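I opened this entry to note what I looked up, one item at a time.

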Amino acid sequence: MKNEVANLNSGLQMPILGLGTWKAEAGAVEDAVEQAIRMGYRHIDCAAAYGNEAEVGFALKKCLDEDVCTREELFVTSKLWLEDKAPEDVIPALQESLEKLRLTYLDLYLIHWPVSLVKGSDGKKFYTEEELPNSATWKKMEEAVAQGLVKSIGVSNFSDVKLSKLMKEARIPPAVNQIERHPYLQRDKLMKYCRMNQIHVTAYCPLGSMDRPVALKESNEPVLLEAPEVAQIAKKHDCTPAQVLLRWSITTGSSVIPKSTNRKRLKENLDSLKVMLDPNDLGKLADLEQGIRFVDGSFWTQPENSPWTMENLWDGA
Ligand code: A2P
């Protein structure tokens, strides 16, 4: 099956369904990435912070060595961690990711969060935006493009306010904003802002990320994959709830990166591209908006001396 693509403002085409690797354990992710590429995935989403880039790299190398696909057919993303946002650390961090992933370039490199941390502070010491503006990190991301180390650059977890500030100083506009997005958190205002500014949106947590660390979970949170409205639509189309959620994300304008390390579910998720939702389904799913964030970023607001509040992290959205 041919994966549909999104046209990025960098000129690159991104397959709209990719494989997420957050929470994919080192022992399982290598097989998952290899199997995914063999069954037709061409977009793999990684990050230095996921701690599994070396295992992903083994799988990428194996698939490329065995001509399962060409490097040009693959779209690989990674993300700059927050302790590497000082200008002098950006390119070395990128090179480390490239080495682990066994690649000579990335298709997309993202600033993982607008938050910046002091190197070696174990997530406890923050730079304020005045001390280390995202625009200073961005200049080095632009330099990485000039050096041929990455083809496109973007951000993750940025609000419209933060994007707008960054774009005022950017030479290369961000190609992508990767954000949490699903029917419980549809992000209409941010989607509109990104569409108007030619910034593509990739949705993470599209299935509700039930395998998140316990510290990131609420005891009473709703289970997206078990929403009765989603089950009804799945029944109507003879597909699964996960396939409804993934197709919703694509139909409403984002690319989507479900994580799975299970072969059956990897295939199920890829096959969501065959599902078509009608306006009636989309209306019912639109009604599920509840403003529920599964990754709400409150962990950045908790350390002592953090300059971050929920208000200034998300700018009220
Ligand atoms: P597993 O890796 O065992 O398949 P998200 O992409 O929103 O972060 O969600 C990832 C979680 O959803 C993981 O627990 C993953 O488990 C599970 N998952 C992935 N695909 C499916 C699917 N098709 N049906 C049900 N659960 C799924």
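I looked up E96 and found it partly exposed, at 47% relative accessibility. The model is a predicted one. E96 has a partner: its side chain meets that of K100 in a salt bridge, with N and O 3.4 Å apart. I placed both residues in helix α3, which covers residues 87–101. They sit 4 residues apart there, about one turn of the helix. K100 is partly exposed too, with a relative accessible area of 37%.

**Other salt bridges**

I asked how many salt bridges the structure holds. The count is 22.

I then looked up D65 and K61, whose side chains form a salt bridge at 2.6 Å from N to O. Both lie in helix α2 (residues 53–65), and because they are 4 residues apart, about one helical turn separates them. D65 is exposed, with a relative accessible area of 52%. K61 is partly exposed at 33%. I noted the cut-off here: a residue counts as exposed over 50%, so D65 falls on the exposed side.

Next I looked up R247 and E4. They form a salt bridge, and their closest N and O atoms are 3.3 Å apart. Which parts of the chain does this pair tie together? R247 is in helix α8 (residues 241–251) and E4 is in the segment before β1 (5–7), so the bridge ties parts that are 243 residues apart in sequence.

Before the next two entries I wrote down a reminder: a packed pair of helices is described by the angle between the axes and by the distance between them.

I looked up α1, residues 26–39, and its packing with α2. The angle is about 30 degrees and the axes are 8 Å apart. The two helices are therefore roughly parallel to each other. Their crossing is right-handed. On the α1 side the contact is made by A26, V29, E30, V33, E34, I37 and R38. On the α2 side it is made by E55, V56, F58, A59, L60, K62 and C63. Sorted by class, this contact has 9 nonpolar residues, 5 charged residues and no polar ones.

**Helix α2 against helix α3**

I asked at what angle the axes of α2 and α3 cross. The answer is roughly 45 degrees, and the axes come within 6 Å. α2 and α3 are therefore oblique to each other. From α2 the contact uses E53, A54, V56, G57 and L60. From α3 it uses S97, K100 and L101. By class the residues of this contact are 4 nonpolar, 2 polar and 2 charged.

I wrote down the background: most residues other than glycine have a negative phi.

R102 has a positive phi of about 60 degrees, although it is not a glycine. I found R102 in the loop between α3 and β6 (108–111). R102 is partly exposed, with a relative accessible area of 42%.

D238 also is not a glycine, and its phi is positive at about 55 degrees. D238 is in the loop between α7 and α8. Is D238 buried or exposed? D238 is exposed, with a relative accessible area of 73%.

**Two more residues and their contacts**

I looked up T202 in strand β11. T202 is buried, with a relative accessible area of 1%. Leaving out neighbours within four places in sequence, T202 is in contact with M14, V176, N177, Q178, I179, S255, V256 and I257.

Last, I looked up L216, in the loop between β11 (200–204) and α7 (228–236). L216 is partly exposed at 23% relative accessibility. Residues up to four places away in sequence aside, L216 touches W22, F294 and F299. I also noted D296: its C-alpha atom is 8.3 Å from that of L216, and the two residues are 80 apart along the chain.

Terms used
Residues numbered from 1 in each chain as written. Predicted model: local features only at pLDDT ≥ 70, side-chain atom pairs only at ≥ 80, totals over all residues. Heavy atoms only, no water. Salt bridge = Lys/Arg side-chain N within 4 Å of Asp/Glu carboxyl O. Buried < 20%, exposed > 50% of the residue type's maximum accessible area, 1.4 Å probe, protein only. Axes fitted to C-alpha atoms, helices over the stretch in contact; angles between N-to-C directions. Parallel < 35°, antiparallel > 145°, perpendicular 65-115°, else oblique. Left-handed = near helix turned anticlockwise from the far one by under 90°. Contact = heavy atoms within 4.5 Å. Nonpolar A, V, L, I, M, F, W, Y, C, P; charged D, E, K, R; others polar.
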